[in-house]
Amino acid sequence: MSDEIKIVGLLCNWCCYGGADTAGTARMQYPPNVRIIRVMCSGRINPSMIFKAFEEGADGVFVGGCHIGDCHYDAGNYKWSRRAKIVQDIIEEFGIEKERFRYEWISASEGEKFQRTMEEFHKTLSKLGPLELD
Amino acid sequence: MSYVLAKSKDDAILKAGECGGAVTSIFKYLLDNGIVDGVLALRPEDDIYDGVPTLITNSEDLISTAGSYHCAPTMIGNIIQKYFSDKKVAVSVKPCDIRSIDELIKRHKIDPEKIYTVGLNCGGTVSPIVGRKMIDLFYDINPDDVVSEEIDKGQFIVELADGSEKGVKIHDLEKEGYGRRNNCQRCDVKIPRKANIACGNWGAEDGWTFIEINDDKGQELIDGAKKEGFIETKNPSEQSIEARSKVENIMIKMAKKVQNAKFGDAEAMDAWNRCIGCYACRDVCPICWCHENCELNKSYFKDDISTPPSPIAFQGVRLSHMSFSCIDCGQCDDVCPMDIPVSLIFDKLQKKYYDRTGYVAGVSDDIKPPLYSPDKVEL
């Protein structure tokens, strides 16, 4: 059943996407449930995108950005980190468990961290089961 | 910040105005001296339950705006932003009005140089329909016979044409589901300290208006009105100041109690499912000003119009846009055709945001809500 879990992953071009790439080229295995969407910076992600993903049937949404201080555009990940807190607050109000939304800082060299994060996230979501919005 | 007691020197205003008529006199001073182009204040149209924001340009007409109107839950911020942004206006504001103005100033939609704000202390407003119903039920009075109403010492008091008064405790009214609007019961900003001056009768001697002067502009206002002979002033006693802060603290305490009781309900709220996506809450919201470019109108959020919107994709988007700036004015509750308590969740999220950042919408002196800040800080 866990194979039906759908994860939308919004990854920043400069770090986390590179991290996923590193994991891939090193042939590290991670759950294939994640659908990756590359964005230029975590700072361009709006809360609306997360909500839209949930509405369209995602069971979990993952956002990956550069480590704090490493943003290619200087402060994009700070902006995202503040928005992320609002997303957490809001999804709770709509009966979506806050574990279904996760964000992490992963650099381009941290393929192993990307793999580990995806495995953990997949496990959490498998436990929660598919998201049912009423 | 300083305190002063003031009273009108005009007999007609003294009689028509609430507790000293200082507010009306200050408006008269501003109009007569050409400091402002107009005064935006509430004027009753059909009856006392029908206060309508009106722009007064002739100081003779000011007298018709005197008095208090608790049954007129209006919102001033978006009116100024939409229609009077190029005019110099003086405006009377409740705490939620000045908070909306403050949030719009932060969004560069109102020029603070162009407006004079005369704040009115506010214990809450009553929806006109609820007001009529409760006067009928609890007071045994025909609502049409009431000539004026006021809120004093925890009572909602109505006055009849023959001068007789009847009061009922607001607490008792609210226990039965009447009384102040829900958002007003939750509201913990009772004195509009962002306005140039904040006026009210709390702690004031009979026939005087207690004024808190909040900034230099407010000081100029009082000094000017006094010099031109529109008002007389005196210093309040220590007891008055204390009595006033006591009233404020009691009200805030009551509001916090209601918040604690009500915010729990929001989570289990299935009321969102009643939403028909009419956009009325967005259109009426004083903080939401960018309607033409609203994300909810984008093609990717326009669902098939024959199905009700998904709460997370409709209210969720609005929440993420402005809940941190929600001033709890309750306009969204008032306009919702499906009676969804919209403001409850917006207000709850602004309080959550406050817990995280210390930012109170329309009250904090920060230049911008932290979400808009370019600073390199995490929450």
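**Notebook: a predicted model of two chains, A and B**

Entry 1. A pair in the sheet. I began at B:A6, which stands opposite B:T233 in β11(B). Strands here are DSSP runs of E with at least two residues, helices are runs of H or I with at least four residues, and both are numbered from the N terminus. The model is predicted: local features need pLDDT of at least 70, side-chain atom pairs count only at pLDDT 80 or more, and totals for chains, interfaces and linings use all residues. Residues are numbered from 1 along each chain as its sequence is written, while chains are lettered from A and ligands numbered from 1 in the order in which they are written.

I then looked up the two strands. Strand β1 of chain B, residues 2-8, is joined to β11(B) by four bridges, and the two run antiparallel. Two strands count as paired if DSSP finds at least two bridges between them.

Entry 2. The whole sheet of chain B. In which order do the strands of the open sheet lie? I read the order β3-β2-β4-β5-β9-β10-β1-β11 for its eight strands, with mixed pairing. At the edges stand β3 (51-56) and β11 (231-234) of chain B; each has a single partner strand, so one side of each lacks a neighbour in the sheet. From one strand to the next, the twist averages 30°. For such angles, axes are lines fitted to C-alpha atoms, for helices over the stretch in contact, and the angles run from 0 to 180 degrees between N-to-C directions.

Helix α2 of chain B, residues 22-32, packs on this sheet. I noted that α2 touches β1, β2, β4, β5, β9, β10 and β11 of chain B, and that its direction makes about 85° with that of β1(B). Two residues are in contact if their C-beta atoms, placed from the backbone, lie within 7 Å.

Entry 3. Chain B as a whole. I looked up 13 helices and 11 strands in chain B. Its radius of gyration is 21 Å, close to the 21 Å that the globule rule gives for 379 residues, so chain B is as compact as a globular protein of that length. The radius is taken over C-alpha atoms, and the rule is 2.2 Å times the number of residues to the power 0.38. The C-alpha trace of chain B spans about 60 × 50 × 40 Å along its principal axes. Of its 379 residues, 45% count as buried. A residue is buried if 20 or more other C-beta atoms, placed from the backbone, lie within 10 Å of its own, exposed if 12 or fewer do, and partly exposed in between.

Entry 4. Chain A as a whole. Chain A has four helices and four strands, which follow the pattern β-α-β-α-β-α-β-α along the sequence. A compact globule of 134 residues would have a radius of gyration near 14 Å, and chain A agrees with 14 Å. The C-alpha trace of chain A spans about 40 × 30 × 20 Å along its principal axes. Buried residues make up 54% of chain A. Of the contacts in chain A between residues at least 6 apart in sequence, 82% join residues at least 24 apart.

Entry 5. Neighbours within four places in sequence aside, A:V61 is in contact with A:V8, A:I50, A:A53, A:F54, A:R100 and A:F101.

Entry 6. Where the chains meet. How many residues does each chain bring to the contact? I noted 25 residues from chain B and 21 residues from chain A. On the side of chain B that touches chain A, α9, α11 and α13 of chain B each supply at least two residues. The largest share, seven residues, comes from α11(B).

Entry 7. Backbone angles. Most residues other than glycine have a negative phi. I looked up A:D74, which is not a glycine and has a positive phi of about 80°. A:D74 is found in the loop between β3 and α3 of chain A, and is partly exposed, with 13 other C-beta atoms within 10 Å. B:Y279, also not a glycine, has a positive phi of about 70°. B:Y279 is found in the loop between α9 and α10 of chain B.
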